[in-house]
Amino acid sequence: MSDTPAETGDNPRPGDSYVQSFARGLEVIRSFSATAPQQTLSEVAARTGLTRAGARRILLTLQTLGYVESDGRLFRLTPRILDLGFAYLSSMPIWDLAEPTMEALVDQVHESCSAAVLDGSDIVYVLRVHTHKIMSTNLGVGSRLPAFWTSMGRVLLAGQPDADVAALLPRVPRQRLTPHTLLDDDALLAAVRQARAQGWCLINQELEEGLISVAAPLRNRAGETVAALNISGQANRTSAEMMQTELLPALLKAAEAISRTLGTRR
C-alpha cells in the first residue's frame with residue numbers, strides 16, 4: 001500500500017526528478033506546529049496522509065538524526081531542526097518579532113543582547129544584536145555554547161524538571177574554563193535551581209575571563225520557557241552589582257514584552 005493518498009487533479013503524480021521519500025519527510029516535519037507541538041504516531045500519520053508504518057520510518061529516521069525526540073509515545077521537534085533553515089532564519093527570521101525589542105534594549109543599556117534555545121546540554125543562538133565585541137568567539141545565529149556555564153543556558157535548564165537536568169550532568173564534559181567555572185554536580189544543580197527560583201540568572205566569568213551576562217526566560221502563552229534573552233558585558237566596566245541593579249530590570253521588561261508577543265503570534 002502506498003504511504004501517500006491517491007493522486008488527484010490537485011495532487012498530480014510527480015515526475016522522475018521528484019524525490020517522494022524526501023517530500024514525505026518534509027510533510028512530517030511540517031505536521032508539527034504551534035497547535036501540534038507534540039504528536040503521537042497516529043496523529044502524524046493522519047496529518048500527513050501517510051500510513052502508520054511510513055510515518056514511523058520517517059519519525060525514527062528524524063530521531064536518529066537528532067531532529068525529533070520522543071518519550072516513547074509523543075514525538076516533538078528538537079532545536080536542531082533550525083539547522084535546516086538558518087539561511088532563511090538569518091534573512092527573515094521568526095525572531096523578527098523579538099528583534100525590535102532587543103534593539104531598543106541594546107540602545108538603552110549599551111550592551112550586546114542575544115536570544116537562544118536549548119538543545120540537549122547546549123544552547124543555540126537564534127538572534128544576536130551586537131553593540132561591542134565582548135568575546136573571543138564570533139557568536140552568531142546557530143552558534144552553540146554549553147548550557148550549564150551560560151546565563152541563558154541556566155535559565156533554559158531552569159525551565160526543565162530537576163530530574164531532566166540531573167540526567168544531563170553525567171553526559172556533560174567538564175573543563176575548568178576559568179577559575180570561576182563551577183564543575184561540581186551539586187553546585188551546578190543548585191545554580192539551576194537558583195535561576196528557577198529568582199526568574200533570572202547572572203553568570204560572572206564562568207565561561208570566559210572578563211565575560212559577564214544576565215539572562216531571563218522567554219515564555220509562551222502556557223507559561224513554558226521556550227527561549228532565553230540575555231545581556232552580555234565586560235566585567236572590567238560592568239560589575240555584577242551594576243548588571244543586577246541597573247541592567248536586569250530593563251532585561252526583565254524586554255523579556256516580558258517579547259513573551260507577550262510570542263504568546264499572541266503563531
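Me: Is Glu 27 buried, exposed or partly exposed, and what is its relative accessibility?

Reply: Before the case itself, please note that this is a predicted model, in which local features need pLDDT of at least 70 and side-chain atom pairs count only at pLDDT 80 or more, while totals for chains, interfaces and linings use all residues. Residues are numbered from 1 along each chain as its sequence is written, and side-chain values use heavy atoms, with hydrogens and water left out. Buried means under 20% relative accessible area, exposed over 50%, and partly exposed in between (1.4 Å probe, protein chains only). Glu 27 counts as partly exposed, because its relative accessibility is 35%.

Me: With which residue does Glu 27 form a salt bridge?

Reply: Side chains of opposite charge can pair when their charged atoms come close. A salt bridge is a side-chain nitrogen of Lys or Arg within 4 Å of a carboxyl oxygen of Asp or Glu. Glu 27 meets the side chain of Arg 30 in this way, at 2.4 Å from N to O. Both residues lie in helix α1, three residues apart, about one turn of the helix. Helices (H or I, at least four residues) and strands (E, at least two) are DSSP runs, numbered from the N terminus. Arg 30 counts as exposed, because its relative accessibility is 53%.

Me: Which residues of α1 are buried, and what covers them?

Reply: The buried residues of α1 (residues 20-30) are Ala 23, Arg 24, Gly 25, Val 28 and Ile 29. Their cover includes α2 (41-48), α3 (52-64) and β3; contact here means heavy atoms within 4.5 Å.

Me: In what order do β1, β2 and β3 lie in their sheet?

Reply: Two strands pair if DSSP finds at least two bridges between them. Here three strands form an open sheet in the order β1-β3-β2, with antiparallel pairing. The edge strands, β1 (38-39) and β2 (68-70), each pair on one side only. Between β2 and β3 (residues 75-77) there are three bridges, and Glu 69 has Arg 76 in β3 as its bridge partner. The side chains of Glu 69 and Arg 76 also meet in a salt bridge, at 3.9 Å from N to O.

Me: How many salt bridges are there by this rule?

Reply: The count comes to twelve. One of them joins Asp 122 and Arg 144, whose closest N and O atoms are 3.6 Å apart. This pair links distant parts of the chain, for Asp 122 lies in strand β5 and Arg 144 in strand β6 (residues 144-146), 22 residues apart. Salt bridges that share partners join Arg 80, Asp 119, Asp 122 and Arg 144 into one network.

Me: How many residues has the largest nonpolar core?

Reply: In soluble globular proteins, nonpolar side chains tend to be buried together. A nonpolar core is a set of buried Ala, Val, Leu, Ile, Met, Phe, Trp, Tyr and Cys residues joined through side-chain atoms within 4.5 Å. The largest has 29 residues, and Met 102, Leu 105, Leu 229, Ile 231 and Leu 251 are those with the most contacts inside it. Helix α9 gives the most to this core, with nine residues.

Me: Which residues of α5 are buried?

Reply: They are Met 102, Leu 105, Val 106 and Val 109. Seen down the axis of α5, these residues fall within an arc of 100°, so they line one face of the helix; the arc is that of the directions from the helix axis to the C-beta atoms. On the other side of α5, Asp 107 and Gln 108 are exposed.
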